[in-house]
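This briefing concerns the structure shown below. Please keep the sequence and the three-dimensional view at hand while reading the points that follow.

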Amino acid sequence: MANLSHPSEFVLLGFSFLGELQLLLHGPFLVLYLLAFMGNAIIVVTVIADTRLHTPMYFFLGNFSLLEILVTMTTVPRMLSDLLAPHKVISFLGCMVQFYFYFSLGSTSFLILSDMALDRFVAICHPLHYGTLMSRAVCARLAGAAWAAPFLAMVPTVLSRAHLNYCHGNVLNHFFCDNVPLLQLSCSDTSLLEFWDFVMSLAFVLSSFLVTLISYGYIVSTVLRMPSASSRQKAFSTCGSHLTLVFIGYSSTIFLYVRPGKAHSVEVNKTVALVTSILTPFLNPFILTFRNETVKVVLRGQMQRLKGLHRAP
C-alpha cells in the first residue's frame, strides 16, 4: 500500500474466520451459483425464443432474470475464487467498479419489480385498456428508465467513494466491496455521503416498494369484487410469484441498506448479503415458474422438442 490515504488494493476478509473450513464452502456455493445462472438463463432464453411469452409480464420477467445473472456475476465468481486463495485482494479500481455495478444492477432490479407490479395492476384493474396502456413502446420506456436511472445516479456515489481518505487500513470485512465496510475504513467526514446513500435508498428501493404496495392495494380491492371464485383465484395466482420476489428482495435490501449510518453489524450484513447473492437467485427461477402454468407449458414443450431432436436420426 503505497499511500495510506488511497490504498492501491483492498484485502477482502470474506470467510477467513472459518480458516480451512472455508474450502468446504466452495463446492456447495459453486453448485448453487451454476444452478442459479442456468435457471435464470433458461428463463431469459425462453422468453426471447417463444412468441407465447412476448407479453409485457414476461418481458419484465426476462429483464429481472437477466439482472439476477448480472448481479451475481459481480460478486459470486470473485468470492468463489477467494475461498480457494490464500491472499484475497482486489485492486482499488476493481473495488470501485464492483461497487458501481453491484448497486446499479441491484437498484435496477427493484425498479423492474415495480414495473411488474404496474403491469399486473393494469392487467387486473384496467383490462380493457391493457393493450394501450402497456404497449411495447410503453414497456420499453419503463424498462429503459429502470436500467438508465440507477446507472446514472450511481456515478456520483462511486466517485465519492474513490475520493475518500482511507486512513484506517485496507482490510474490508466482507466478501465484496460493500458500502458499510468501505465507510468504516474512511476517516473522512462521511455524514453527507450517508445522507446521500439514504436518499438513494429512498429513490430506488422505498419508492419502488411504495409503487408496488399501492398497485397491489388496488389489485386486491379489484379482485375481491370479482363475482366468481375462479376469476379471483386466477388473478391471485398470476401475482403470487411476483409477491414472493417482492417480499424476499425488499425485506433483505431494506435490512441491509435502507438505514442511515455506518455502525451496523458487518457480520450480520455479510450473512444476509450471502443469502441474497447465492440462495435467492437460485430460488427465483423456481418461484417464477412454480405457479405459472404458461411458463411450465412452454418449458415442457421445449423439453419435448429437444428430446425429439435427440431421437431423430
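This is a predicted model: local features need pLDDT of at least 70, side-chain atom pairs count only at pLDDT 80 or more; totals for chains, interfaces and linings use all residues.

An unreviewed UniProt entry lists residues 30-49 under "transmembrane region", along with 58-79, 99-118, 138-159, 198-219, 240-259 and 271-290.

**Another listed span**
- Residues 138-159 are likewise 100% helix and 0% strand, with end C-alpha atoms 33 Å apart.

**Packing of helix 3 and helix 5**
- Helix 3 (residues 92-125) packs with helix 5 (residues 136-162) at an angle of about 150 degrees, and the two axes are 8 Å apart.
- Because angles over 145 degrees count as roughly antiparallel, helix 3 is roughly antiparallel to helix 5.
- The crossing of these two helices is right-handed.
- The residues of this contact comprise 19 nonpolar, four polar and two charged.

**Aromatic pairs**
- The whole structure contains 18 aromatic pairs.
- One of them is the tilted pair of Phe99 and Phe103, with 4.7 Å between ring centres and 50 degrees between the planes.
- Phe99 and Phe103 are about one helical turn apart, because four residues separate them in helix 3; both are buried.
- Tyr102 and Phe176 also form a tilted pair, with ring centres 4.6 Å apart and planes at 50 degrees.
- This pair links distant parts of the chain, 74 residues apart: Tyr102 is in helix 3, whereas Phe176 is in the loop between strand 3 (171-172) and helix 6 (179-185).
- Tyr102 is buried, with a relative accessible area of 9%, and Phe176 is buried at 0%.
- One aromatic cluster is formed by Phe15, Phe29, Phe99, Tyr102, Phe103, Phe175 and Phe176.

Notes
Residues are numbered from 1 along each chain as its sequence is written. Side-chain values use heavy atoms; hydrogens and water are left out. Axes are lines fitted to C-alpha atoms, for helices over the stretch in contact, and angles run from 0 to 180 degrees between N-to-C directions. Angles under 35 degrees count as roughly parallel, over 145 as roughly antiparallel, 65 to 115 as roughly perpendicular and the rest as oblique. A crossing is left-handed if the near helix is turned anticlockwise from the far one by less than a right angle, and right-handed if clockwise. Ala, Val, Leu, Ile, Met, Phe, Trp, Tyr, Cys and Pro count as nonpolar, Asp, Glu, Lys and Arg as charged, and the others, Gly among them, as polar. UniProt positions are given in the numbering used here, feature names are shortened, and annotations may be inferred rather than shown by experiment. Rings of Phe, Tyr and Trp (its six-membered ring) pair if their centres lie within 6.5 Å; planes under 30 degrees apart count as stacked, over 60 as edge-to-face and the rest as tilted. Buried means under 20% relative accessible area, exposed over 50%, partly exposed in between (1.4 Å probe, protein chains only).
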